[in-house]
Amino acid sequence: MMQLEDFVVNSNVTALEALKKIDLNKKGFLVVLSEGIVVGTLTDGDIRRGLIIKKLSGVHNSIENIYSKDFKYIKNTDDFSKVVEAFKNEKFNFLPILNHEKHLCNIITKGNLHALLLQDIKFDLNYKFLEIDDMIPEHEIFSRPWGFYKTAILNQYYQCKTIVIKPSSSLSLQQHLRREEHWVVVHGIGEAQIGKSIIPVTSGSYLFIPKECIHRLKNTSEHESLIITEVQLGDYFGEDDIIRFEDDYGRI
């Protein structure tokens with residue numbers, strides 16, 4: 001578990017010492033202190049630039065001339081909107097949180113903020129942000145025989161996906177026991193089976209699939225992908241909650 005100390009370094013340490021600490025925390029940055037006061041920030045990029053432009057003659061030299069003294073921070077009395085506004089600047093991926101004496105109280109990263117909100121955790125600048133998995137908003141693309149999907153949001157309440165079905169391809173005829181689904185078609189044309197109903201769909205179509213309802217979606221275009229957004233509601237969102245009845249790819 002990461003602690004605040006893992007992100008703190010004194011202003012008189014060498015670049016090599018700083019790099020070792022950055023390598024251990026795996027976040028790419030440090031907060032620089034002098035006599036307990038925050039005086040700047042340092043990233044691995046600062047060290048590289050220092051070496052390139054000769055502000056740093058070697059990794060055994062002090063970071064004094066390369067850490068950022070004109071750094072962005074927020075106060076521990078600032079509100080939610082101040083933090084959101086600060087992170088709108090693409091230059092800032094992390095923010096030290098300081099008290100009125102410029103002592104370090106906490107650190108928040110942009111990933112921490114997104115993960116906090118997507119899990120519906122109450123925003124509080126005293127929260128232990130470093131314990132949050134800030135990769136929660138980052139999900140891989142998963143390939144399937146019919147195309148691919150990418151999860152945008154996943155928490156205990158819901159999952160939101162983008163699903164892309166290749167031309168002339170189809171999802172399996174399936175049902176879910178522990179979740180309902182809400183589909184909105186955002187691009188393309190297709191055909192949905194909901195229970196015994198066959199419904200043509202196009203951009204803007206909305207479909208509701210209750211729990212245990214047999215359903216399927218087919219891309220009827222020979223040239224364009226069918227793209228939908230899917231919101232799942234339930235108590236479990238695993239891929240193993242799929243019962244297949246028919247499948248064009250032999251996955252029954």
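Modeller: Start just after helix H1, where Lys26 takes a positive phi of about 60°. Bear in mind that this is a predicted model. Helix H1 itself spans residues 15–25.

Next, look at which residues of the helix are covered. Ala15, Ala18, Ile22 and Asn25 of H1 are buried, with under 20% relative accessible area. These residues lie on the same side of H1, because they cover an arc of only 90° around the axis. The other side of H1 carries Lys20, Asp23 and Leu24, which are exposed.

What do the buried residues of H1 pack against? Their partners are S2, S3 and helix H2, which runs over 44–52.

Now the sheet. It is open and has 3 strands in the order S1-S2-S3, with mixed pairing. Strand S1 (8–10) and strand S3 (37–43) each have a single partner strand and stand at the edges, so one side of each is left without a neighbour in the sheet. On average, neighbouring strands of the sheet are turned by 35° against each other, direction ignored.

Strand S2 covers residues 29–34, and its pairing with S3 is antiparallel, over 6 bridges. Within this pair, Val31 is found opposite Thr41 in S3.

Note on methods
Residues numbered from 1 in each chain as written. Predicted model: local features only at pLDDT ≥ 70, side-chain atom pairs only at ≥ 80, totals over all residues. Heavy atoms only, no water. Pairing = 2+ DSSP bridges. Helix = DSSP H or I, 4+ residues; strand = E, 2+ residues; numbered from the N terminus. Axes fitted to C-alpha atoms, helices over the stretch in contact; angles between N-to-C directions. Contact = heavy atoms within 4.5 Å. Buried < 20%, exposed > 50% of the residue type's maximum accessible area, 1.4 Å probe, protein only. Arc of directions from axis to C-beta.
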